[in-house]
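User: I am new to this structure and would like to learn how its features are read. Could you guide me through them, one feature at a time?

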Amino acid sequence: MEQAQRLQRIPPYPFREIAMLKAKMIEEGNEPIDFGIGDPDMPTPQFVIDALCEAANDPETHPYDESGFGIEEFKGAVAEFAKKRYGIEVATDGEIQSCIGAKEALAHIIWAYIDPSDVVLVPDPAYSVYRVQTSWCGGAAFPMALEAENDFLPDLEAIPEAVRQQAKLLFINYPNNPTGAVASLEYLERVVSFAREYEMLIVQDAAYAEVYYDAEDRPHSILEIDGARDVAIEMHSLSKTFNMTGWRVGWAMGGAAHVEALSRAKSNVDSGTFMAVQRAAAAGLANYDEFAPQMQDDYRRRRDALVEGLQSLGCPIEKPRATFYVWLPVPEGYSSESFARKLLTDCQVLAIPGAVYGAVGEGFVRMSLTIKGDDKLGLIEQAIDNMREGGVAW
Ligand code: MLT
């Protein structure tokens with residue numbers, strides 16, 4: 001049967017393709033060391049699982065969440081967390097929307113704001129959802145290059161005046177996937193005043209806000225900036241913070257009008273987050289202080305081992321300041337695709353070609369520190385040895 005033309009406008013989801021490739025390699029007895037998708041390999045903390053079991057045993061959690069925005073217990077935990085972690089007050093009645101992970105919220109906010117021909121400012125490289133959903137709505141994504149010389153921050157001055165005038169949405173994502181960069185409060189202030197001047201909505205994807213390594217790099221919420229709520233909505237997720245990718249739970253927070261727009265789009269598509277999962281997520285947020293440092297220490301050890309190993313091969317990189325991603329330039333003579341293929345076939349190392357994240361990602365690959373297997377540091381060492389033996393050098 002003929003499928004919609006619309007479907008032809010979007011590519012297959014890259015990580016689904018990569019998962020299929022990996023499954024095939026395993027079937028052939030050739031399991032790679034997997035630095036691919038950013039999917040935490042540690043279990044969800046027991047206190048979250050216990051809270052889920054208790055909540056799932058309560059029949060009150062079984063129907064639709066008729067609140068539409070999320071149950072009070074969850075929104076209360078979000079507001080409390082936002083106050084402690086970012087020092088901001090967020091109203092539980094109107095400024096918070098529960099989400100089925102950040103991904104759907106990022107997609108639905110585009111559907112809520114973008115008409116055909118509208119312009120969306122999208123970082124390049126970036127999570128593919130911003131670009132693909134924009135094109136699915138008939139909008140035009142204008143790429144903002146993330147270059148090392150600008151600390152992987154969009155150069156707002158480089159956006160042509162005509163594009164600024166037309167743009168309705170501006171996506172940012174800090175800490176940044178795939179580069180591992182962070183944004184200072186001063187930079188976020190500049191983005192807010194830019195969005196005010198040109199009347200556009202900032203969508204800040206904060207999925208990695210809790211994966212950072214030094215106190216001085218502790219990520220900020222864009223809502224810390226005075227007046228940001230008028231022009232910003234921020235997407236949060238429990239996926240990466242609490243090893244809960246499969247649970248699909250997160251939230252959006254921002255100005256009430258933007259949250260309401262998201263809610264209207266969502267409520268016509270999905271029926272909210274399972275209330276037992278919301279209760280479990282509330283338990284996670286309440287125990288953030290006890291859990292997060294150990295998660296961060298764990299990734300720090302892996303980051304140091306991987307980056308130092310790559311440096312020993314001559315790779316000119318520094319340690320990322322946040323996220324569990326290492327973004328590295330490919331050696332001379334390779335494209336991001338051909339280098340990722342070499343890593344896979346000659347070194348049994350699965351990395352993501354940077355071009356998956358956009359044209360500016362060409363010339364890079366991304367390695368995620370989320371590695372499946374028991375001995376993480378041993379696997380990193382093994383990967384570096386394989387690369388050395390496979391003739392990888394910069
Ligand atoms: C990634 O690896 O970029 C992310 O894990 C993808 C996702 O969150 O869907």
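Analyst: Let us begin with how elements are named: helices are DSSP runs of at least four residues, strands are runs of at least two, and both are numbered from the N terminus. With that naming, isoleucine 10 is placed in the loop between helix H1 (5-8) and helix H2 (14-27). Please keep in mind that this is a predicted model.

User: Which residues is isoleucine 10 in contact with, leaving aside its neighbours within four places in sequence?

Analyst: Isoleucine 10 is in contact with Val132 and Trp136. As for distance, isoleucine 10 and glycine 373 are 363 residues apart in sequence and 33 Å apart in space, C-alpha to C-alpha.

User: How is the packing of two helices read, and at what angle do the axes of H3 and H10 cross?

Analyst: One looks at the axes, then at the residues that meet. The axes of helix H3 (residues 46-56) and helix H10 (residues 275-286) cross at roughly 150° and come within 8 Å. This crossing is right-handed. On the H3 side, the residues that meet H10 are Phe47, Val48, Ala51, Leu52, Ala55 and Ala56. Their partners in H10 are Ala276, Val277, Arg279, Ala280, Ala283 and Gly284. By class, this contact has 10 nonpolar residues, one polar and one charged.

User: How many aromatic pairs does a search of the whole structure find?

Analyst: The search finds 19 aromatic pairs. One of them joins phenylalanine 74 and tryptophan 251, with 6.4 Å centre to centre and 75° between the planes, an edge-to-face arrangement. Phenylalanine 74 belongs to helix H4 (residues 72-86) and tryptophan 251 to strand S8 (residues 250-254), so the pair links distant parts of the chain, 177 residues apart. Both residues, phenylalanine 74 and tryptophan 251, are buried.

User: Why is the pair of tyrosine 208 and tyrosine 325 edge-to-face?

Analyst: The angle between the planes decides the class. The planes of tyrosine 208 and tyrosine 325 stand at 65°, and over 60 degrees counts as edge-to-face, so the pair falls in that class; the ring centres are 5.3 Å apart. Tyrosine 208 lies in the loop between strand S6 (201-205) and strand S7 (232-237), and tyrosine 325 in strand S9 (residues 325-329), so the pair ties together parts that are 117 residues apart in sequence. Tyrosine 208 is buried at a relative accessible area of 5%, and tyrosine 325 is buried at 1%.

User: Which residues do ring pairs link into a cluster?

Analyst: The cluster consists of Phe74, Phe81, Tyr86, Trp251 and Tyr288.

User: What is worth checking in the backbone?

Analyst: Most residues other than glycine have a negative phi, and most peptide bonds are trans. Here, the peptide bond from tyrosine 174 to proline 175 is cis, with omega near -5°. The bond from asparagine 177 to proline 178 is cis as well, with omega near 15°. Proline 175 lies in the loop between strand S5 (167-172) and helix H8 (185-198), and proline 178 is found in the loop between S5 and H8. Turning to phi, arginine 248 is not a glycine, yet has a positive value of about 55°. Threonine 323, also not a glycine, has a positive phi of about 70°. Threonine 323 is buried, with a relative accessible area of 0%, whereas arginine 248 is partly exposed at 29%.

Note on methods. Residues numbered from 1 in each chain as written. Predicted model: local features only at pLDDT ≥ 70, side-chain atom pairs only at ≥ 80, totals over all residues. Heavy atoms only, no water. Axes fitted to C-alpha atoms, helices over the stretch in contact; angles between N-to-C directions. Left-handed = near helix turned anticlockwise from the far one by under 90°. Contact = heavy atoms within 4.5 Å. Nonpolar A, V, L, I, M, F, W, Y, C, P; charged D, E, K, R; others polar. Phe/Tyr/Trp six-rings, centres within 6.5 Å; stacked < 30°, edge-to-face > 60°. Buried < 20%, exposed > 50% of the residue type's maximum accessible area, 1.4 Å probe, protein only.
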